[in-house]
Amino acid sequence: MKKIKDRFPNKQKIRFFLTNVTAFASIFILLGFITLQLLNQSAYRETDLSLTQIDANSRAVQLEISRYEQGNPFLENFPGGQPLSDPDNNRFNTQVILWSASGEILNKAAIGGRLNQIQGLKLNTKNLDVIQSIDLSESENDHSLAFRSITRKAESNQSEIAYIQVLANTNQIKDSLATFQTVMIICMIVFWLISIGISYYLSNLSMRPILASWKQQKEFVENASHEFRTPLSIIQNSLEHLFTKPNHTVIEESESIAQALAETRRLTGLTTDLLTIARNDSNQRLLSKTAVNIQPFIAQLVKPFQEMAEMDGKHFLIANKTTATVFIDEKKIHQVLVILLDNALKYTSQSDSILIESQITNKEWQIEVKNTGPNISPEEKARIFERFYREDRSRSKETGGYGLGLAIAKQIVEQHKGKISVRDYEPQGVIFTVELPLK
């Protein structure tokens, strides 16, 4: 059973880890995709812009047409033009191709040795005036050449020239993009591996409150089951005892009936406390703060405890040093003080003293419930606000405690953004201190 219970946190931890790793991977992939797309668009922007600006009347095109028509591939002088520097034999930035209607290159002579670099080029008239990417292979070394190209229809007065195509070499851009892409992929892998470690840390960090809650829940269920078992066994035994003596009267079996009723009342109180804790854990019970005058609130609260203390021969003192108004959930703070005063009465003997002191300090309302009963050891002070923890279980059983009162008090005080603590009361006794913000 324990293995089955412990399996849940492990599965949840793995689920958190896989979720974080997947999230980081998705972010890196998306970031890389967007970056590459933007880079591709910006890298070819200038080249595409220059291609769109070249038309049939541009100087480069007119020079190429003049070379073809005059049969002089070395012609460099045209009206208003400037000499165009020829690129090297292996790479060139811009090349004008003159096509016939049948798809034959007309200006082969002007292209010269560079013709080998584009001999795989074919005329494509389907996407005229549209910039396209073209990859060609050199026949000598099978090296790939990359171009951006635009093809336009020639003017009708251009004799045999039917189409004009302009090629712009983009090998340098393509190589730079490939290098950048490789570096980016390596960086993404490295940072994704780092993110695995971060994901493992985050999954552990996320599991801490879940594991604490899981542990608290298991302890809560185990302790509650244990506390329910004893009164239920007593009730069962009392009722079974009645069945063994069916002819007895109620008066004759009053002890068994009274015992069953007493345990039933104890169960009712335990159920109420458990329900209070469960509601506070799930935040179902919200605070209903109102303005409360401290002096009449304290005076009304302590009346029944004063009477009970006098009946038991105990000294009950009040030191209310403030008449201020605070914003609190009156019913809940009333419950806190009832728990503290009830414990003070239970764990003090005849002639002991109980003191409740109220004052305003550092913009806080401080209430102290002191008693001269037995001291609490440091180990027990550290656990006294835990659920089902009782300083002396045999003694608590006699007083009807289940170890839930102080846990409920702590929940309520923390809901008010306050603090509750316990310390020694010299020379003997304990002091419970509640500090609540004024607003």
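These legends describe close-up views of one predicted model.

The model is predicted, so local features are taken only at pLDDT of at least 70 and side-chain atom pairs only at pLDDT 80 or more, while totals for chains, interfaces and linings use all residues. Residues are numbered from 1 along each chain as its sequence is written, and side-chain values use heavy atoms, without hydrogens and water.

**Figure 1. The whole chain.** The chain holds eleven helices and eleven strands. Both are DSSP runs numbered from the N terminus: helices are H or I with at least four residues, strands are E with at least two. Of the 439 residues, 36% are buried. Buried means under 20% relative accessible area, exposed means over 50%, and partly exposed lies in between (1.4 Å probe, protein chains only). The chain exposes about 26300 Å². Carbon and sulfur atoms supply 54% of that area. Areas come from the Shrake-Rupley method with a 1.4 Å probe; for residues, only the protein chains shown count as cover.

Figure 2. Helix 8 covers residues 330-346. Its 17 residues should span 24 Å at 1.5 Å a residue, and the end C-alpha atoms are 24 Å apart, which agrees. The expected span is 1.5 Å times one less than the number of residues. Buried residues of helix 8 include Lys332, Ile333, Val336, Leu337 and Asn343. A nonpolar core is a set of buried Ala, Val, Leu, Ile, Met, Phe, Trp, Tyr and Cys residues joined through side-chain atoms within 4.5 Å. The largest one has 43 residues; Leu340, Trp365 and Phe432 have the most contacts inside it. Helix 8 gives the most to this core, with eight residues. Beyond its neighbours within four places in sequence, Leu340 is in contact with Val369, Leu406, Ile420, Phe432 and Val434.

**Figure 3. Helix 11.** This helix covers residues 405-415. Eight of its eleven residues are buried, so helix 11 is largely enclosed by the rest of the structure. The buried set is Leu406, Ala407, Ile408, Ala409, Gln411, Ile412, Val413 and Gln415. Just after helix 11, Lys417 takes a positive phi of about 65°.

**Figure 4. Aromatic pairs.** Rings of Phe, Tyr and Trp (its six-membered ring) pair if their centres lie within 6.5 Å; planes under 30 degrees apart count as stacked, over 60 as edge-to-face and the rest as tilted. By this rule there are four aromatic pairs. Phe17 and Tyr200 have ring centres 6.4 Å apart and planes at 80°, so the pair is edge-to-face. Phe17 lies in helix 1 (residues 2-43) and Tyr200 in helix 5 (residues 171-244), so the pair ties together parts 183 residues apart in sequence. Phe17 is partly exposed at 24% relative accessible area. Tyr200 is partly exposed at 46%. Phe297 and Trp365 also form an edge-to-face pair, 6.2 Å centre to centre with 70° between the planes. This pair links distant parts of the chain: Phe297 in helix 7 (residues 294-311) and Trp365 in strand 9 (residues 364-371), 68 residues apart. Phe297 is buried, with a relative accessible area of 7%. Trp365 is buried at 1%.

**Figure 5. Arginine 148 over tyrosine 44.** Arg148 lies over the face of Tyr44, at 4.8 Å from the ring centre. A charge sits over a ring if NZ of Lys or CZ of Arg is within 6 Å of the ring centre and within 35 degrees of the ring normal.

**Figure 6. Phenylalanine 327.** Phe327 lies in strand 7 (residues 325-328). Its relative accessibility is 40%, which counts as partly exposed. Not counting residues up to four places away in sequence, Phe327 touches Lys289, Thr290, Ala291, Leu438 and Lys439.

Figure 7. A cis peptide bond joins Glu426 and Pro427, with omega about 0°. Pro427 lies in the loop between strand 10 (419-424) and strand 11 (430-437). Ser351 is not a glycine, yet has a positive phi of about 80°. Ser351 is found in the loop between helix 8 and strand 8 (353-361). At 51% relative accessibility, Ser351 counts as exposed. Asn362, also not a glycine, has a positive phi of about 50°. Its place is in the loop between strand 8 and strand 9. Asn362 is exposed at 73% relative accessibility.

Notes. Contact means heavy atoms within 4.5 Å.
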